[in-house]
2 protein chains.
Amino acid sequence: MQNFADRLLDAVAAKGNSVVVGLDPRLEMMPDFLKRGNIQDQAAAIITSFHKLILDVVAPLVPAVKLQSAFYEQYGLAGMAALQNTIDLARERNLVVIVDVKRNDISSTATAYANAFLGRAAYGTDLIPAFDADCITVSPYLGRDSLEPFVEVCSRYGRGIFILVKTSNPGSRDFQDEKLLRTGAPLYELVAEMVADLGQPLVGHRGYSSVGAVVGATFSAEASRLRELMPRNILLIPGYGAQGGTAQDVACCFDAQGLGAVVSSSRGITYPHRDPSITEDEFSRLVLNRTQDMIRDLSTVLPTAVGR
Amino acid sequence: MQNFADRLLDAVAAKGNSVVVGLDPRLEMMPDFLKRGNIQDQAAAIITSFHKLILDVVAPLVPAVKLQSAFYEQYGLAGMAALQNTIDLARERNLVVIVDVKRNDISSTATAYANAFLGRAAYGTDLIPAFDADCITVSPYLGRDSLEPFVEVCSRYGRGIFILVKTSNPGSRDFQDEKLLRTGAPLYELVAEMVADLGQPLVGHRGYSSVGAVVGATFSAEASRLRELMPRNILLIPGYGAQGGTAQDVACCFDAQGLGAVVSSSRGITYPHRDPSITEDEFSRLVLNRTQDMIRDLSTVLPTAVGR
């Protein structure tokens, strides 16, 4: 079975960029042309159609998409059906599928979460996947024994995780930045060291591990330090664009080949319109432009032949 | 609209105990009499029937149930349908419904999670709940601005949250117990102080807030200290029974009226059998016995007239 990190970085090399398009369904921001019939009854279909349009535009251009689970969950069973449909549509288009769930729990419960998104659940003797992602985000607050079940499932099924280390929001300072008495360094560095250690058994041919880290684009100095502490862990970088992170801010996260990090943008790409009465063609054109803009912007700080 | 903390503590006073029955669906541990037909096709029905049986036994006895989301999510859409069905069945029986999701994210994404479980999502001008819980668990790693959206939704809809402070697993030592340079105290105390502060606006008539804390039964000394730091926050205490926590370990979490904490047990109550060919009547009888045992056990360390 192929290592997740290799699969992601091969996709980055093939597409020549590290852009991750974030899919955050918000019915109120979607164009009118999608909204036929009763919105509640049609929610799963509307969200699925919206993402199919976007995927058709971005799949030839970018290596991966990131689905934000919260925005699906808010729509209940319809939202969860749309989550599953969108995962399927993205996989059919050979995109790497990251589901941003920020889950975690203790022991056998952590295993259940890992199985829900990366592994399989047992129905008698049948083992069947639920939400079949390539990779999810995981929260570290519960400690090492809560993270190990995810690493085990990643190893078994060739999947990946990104563990939250330093998040992009201002409130990440409240706990993550607290300096520890024992080390004098911030908490996020201790988390980073654990990510580096947990990831060692899952390093692939390209020198990176299937256990990665979430590091916000909004904290450039911290990102440089974290790049040093986690030399073999891929960084998933939110906070570019709408949250204020720039290409220059994330440049430090990449290696000399332009690998080692992927940068996500959601609203900036998938809600490019102001007028809800925009046509389908015009909407697709704007999504294309925004995606190309981000690829171009990131390329200004990276080598011309990424991953070669 | 009634305050969540008052609603929970009124239920505790009415039932005369603080037992929370944990519902963790694991098909492989359920009795054979539930498994008619193809297990995968019937998963939602099997899980729902299993929980209906348990709820019929425990609803007259205990104030609340806690659904562990991970075990539902592993069964995909069938599991999510079972989650929704189980929430409905518990509410119909006037149980307080805690859904243990340990979610969190930044800003508008945190709001989407809060709306998914405690509030409502917008479909055009209609506002509709997704998974309609009374209360959920929330992870603190992302800091104050990630917690505030949950508090806002709790305030608007009369709901509650329990924020992870000191979890019951051994790995909770890895980050939660790290002493901070600034204070010399462990990280979990800083989290506790934030919980106390966030909860102030939501204190009800009984003197407790709808913003509570998760504190493991397995760390009794830490629980005493946390009780002091969070005098107005209800503690949700996992780790009793199967994980090793005893009634004596959790006694320090209650006030002189026997209020201020609720104690959850899952496997110990809902999987009381060894033989999968157990009959329905025998299964119900064992669940009843285990529930009564736990109520009796906790009563040995509490006042005889809880909440009066």
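1. Let's start with strands β8 (residues 209–215) and β9 (residues 233–237) of chain A: in this predicted model, they pair in the parallel sense over three bridges. Two strands count as paired if DSSP finds at least two bridges between them. Val214(A) has Leu236(A) as its bridge partner in β9(A). Helices and strands here are DSSP runs, numbered from the N terminus: H or I over at least four residues for helices, E over at least two for strands.

2. Ile237(A) stands opposite Val263(A) in β10(A).

3. How covered is β9(A)? Mostly: five of its five residues are buried, that is, under 20% relative accessible area with a 1.4 Å probe, protein chains only. Asn233(A), Leu235(A) and Ile237(A) point one way, Ile234(A) and Leu236(A) the other way. In a regular strand, side chains alternate between the two faces of the sheet.

4. Over to chain B, where eight strands close into a barrel in the order β1-β2-β3-β6-β7-β8-β9-β10, with parallel pairing. From one strand to the next, the twist averages 30°. Within chain B, β7 (residues 160–166) and β8 (residues 209–215) run parallel and are joined by five bridges, with Ile161(B) opposite Val211(B).

5. Two helices of chain B lie across strands. Helix α6 (residues 144–157) lies across β3, β6, β7 and β8 of chain B, at about 150° to β7(B). Helix α8 (residues 187–199) of chain B lies across β7, β8 and β9 of that chain, at about 160° to β7(B). Angles run from 0 to 180 degrees between N-to-C directions, and axes are lines fitted to C-alpha atoms, for helices over the stretch in contact.

6. α6(B) also packs against helix α5 (residues 107–117) of chain B at about 35°, with the axes 8 Å apart. Contact means heavy atoms within 4.5 Å, and among the residues making it are Tyr113(B) of α5(B) and Phe150(B) of α6(B).

7. Some housekeeping: residues are numbered from 1 along each chain as its sequence is written, and chains are lettered from A in the order in which they are written. Local features need pLDDT of at least 70, side-chain atom pairs count only at pLDDT 80 or more, and totals for chains, interfaces and linings use all residues, while side-chain values use heavy atoms, leaving out hydrogens and water.

How values were computed
Buried means under 20% relative accessible area, exposed over 50%, partly exposed in between (1.4 Å probe, protein chains only).
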